[in-house]
Each structure stands twice: as structure tokens, then as C-alpha cells.
Amino acid sequence: NILYMAKEERLFCEMRKLISSSRTVLTELSIDLLFNMSFNEDARKLMVQHEFISPLVRLFKQSSTNSLTCLLYHISADPHAREVMSNTELPAILMKLIKRASESL
């Protein structure tokens, strides 16, 4: 079990680097993988622990893709993650998106 946890930790460290990659395809694939992993509560906690929220919010600000939106939504299931998210630009970005959507109705 300790060996498994060590591999899991290493995976999240590497994924953290990949989401900040300058290569768009690599970033998008990493987000898709993180989204698939986000169905697991332990994986979501590791994403918060390894400080994925700030880089994900920066990406969301640039381009709010469906996978990224769903990933952030899944991560927000954790109360601690919501607290961390509230200290980023995410609430302001979401308010702008909501306002823009309501204006187009």
C-alpha cells in the first residue's frame, strides 16, 4: 500500500507539470485525464493537496473548455477545495460568464 501511495504521489507531481505545459495538446490531454480521475474522492483531494487549483483557474480564464469546467466542478465537491477556489479569480470569472450568458438570452 505504501508503494502504491508513493506512485500515486509521483503521478500527481508529474501531472502538475503537464497542465502547465506550453504544448496545448499535452495540456488538454492532461486535463482530460485529471477529469477522469476526478470521479475519485482521493484523487480530488490529491489535486488540491498538490495545488492544481491555481493553474487550472489560469487555464479556465484563458479558455473554459467543457472538460476543464467539469473538472473544476468535481474538485469543488470538497469543502476545502471550495475554500481554496474562493481565494482565486474563479468566482469573478464565473460571474462574468453568467452575466454574459444571461445577456445573450
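Predicted model: local features only at pLDDT ≥ 70, side-chain atom pairs only at ≥ 80, totals over all residues.

Colleague: What span does helix α2 reach from its first C-alpha to its last?

Modeller: Helix α2 covers residues 24–37, which amounts to 14 residues. At 1.5 Å a residue, the expected value is 20 Å. The span in the model is close to that expectation, at 20 Å.

Colleague: Around the axis of α2, how wide an arc do the buried residues cover?

Modeller: The buried residues of α2 are Thr 27, Ser 30, Ile 31, Leu 34, Phe 35 and Met 37. Exposed residues, namely Val 25, Leu 29 and Asn 36, lie on the other side of α2.

Colleague: Is Ser 30 buried or exposed?

Modeller: Ser 30 has its place in helix α2. Leaving aside neighbours within four places in sequence, Ser 30 is in contact with Met 15, Leu 18 and Ile 19. The cut-off for burial is a relative accessible area under 20%. Ser 30 has a relative accessibility of 4%, and therefore counts as buried.

Colleague: Which residues does Ile 31 touch, not counting those up to four places away in sequence?

Modeller: Ile 31 also belongs to helix α2 and is buried, with a relative accessible area of 6%. Its C-alpha atom is separated by 8.6 Å from that of Leu 56, which is 25 residues apart from Ile 31 along the chain. With residues up to four places away in sequence not counted, Ile 31 touches Leu 59, Ser 67, Leu 68 and Leu 71.

Colleague: How are α3 and α5 oriented to each other?

Modeller: The axes of α3 and helix α5 (residues 66–75) are 10 Å apart, and the two pack at an angle of about 95 degrees. Angles of 65 to 115 degrees count as roughly perpendicular. The orientation of α3 and α5 is therefore roughly perpendicular.

Colleague: Which residues of α3 and α5 make that contact?

Modeller: By class, the contact of α3 with α5 has four nonpolar, one polar and one charged residues. The contributors from α3 are Arg 44, Met 47 and Val 48, and those from α5 are Leu 71, His 74 and Ile 75.

Colleague: What phi does Glu 51 have?

Modeller: Glu 51 lies in the loop between α3 (41–49) and α4 (53–62), and counts as exposed because its relative accessibility is 55%. Most residues other than glycine have a negative phi. Glu 51 is not a glycine, yet its phi is positive, at about 60 degrees.

Note on methods:
Residues numbered from 1 in each chain as written. Heavy atoms only, no water. Helix = DSSP H or I, 4+ residues; strand = E, 2+ residues; numbered from the N terminus. Buried < 20%, exposed > 50% of the residue type's maximum accessible area, 1.4 Å probe, protein only. Axes fitted to C-alpha atoms, helices over the stretch in contact; angles between N-to-C directions. Parallel < 35°, antiparallel > 145°, perpendicular 65-115°, else oblique. Contact = heavy atoms within 4.5 Å. Nonpolar A, V, L, I, M, F, W, Y, C, P; charged D, E, K, R; others polar. Expected span 1.5 Å × (residues − 1).
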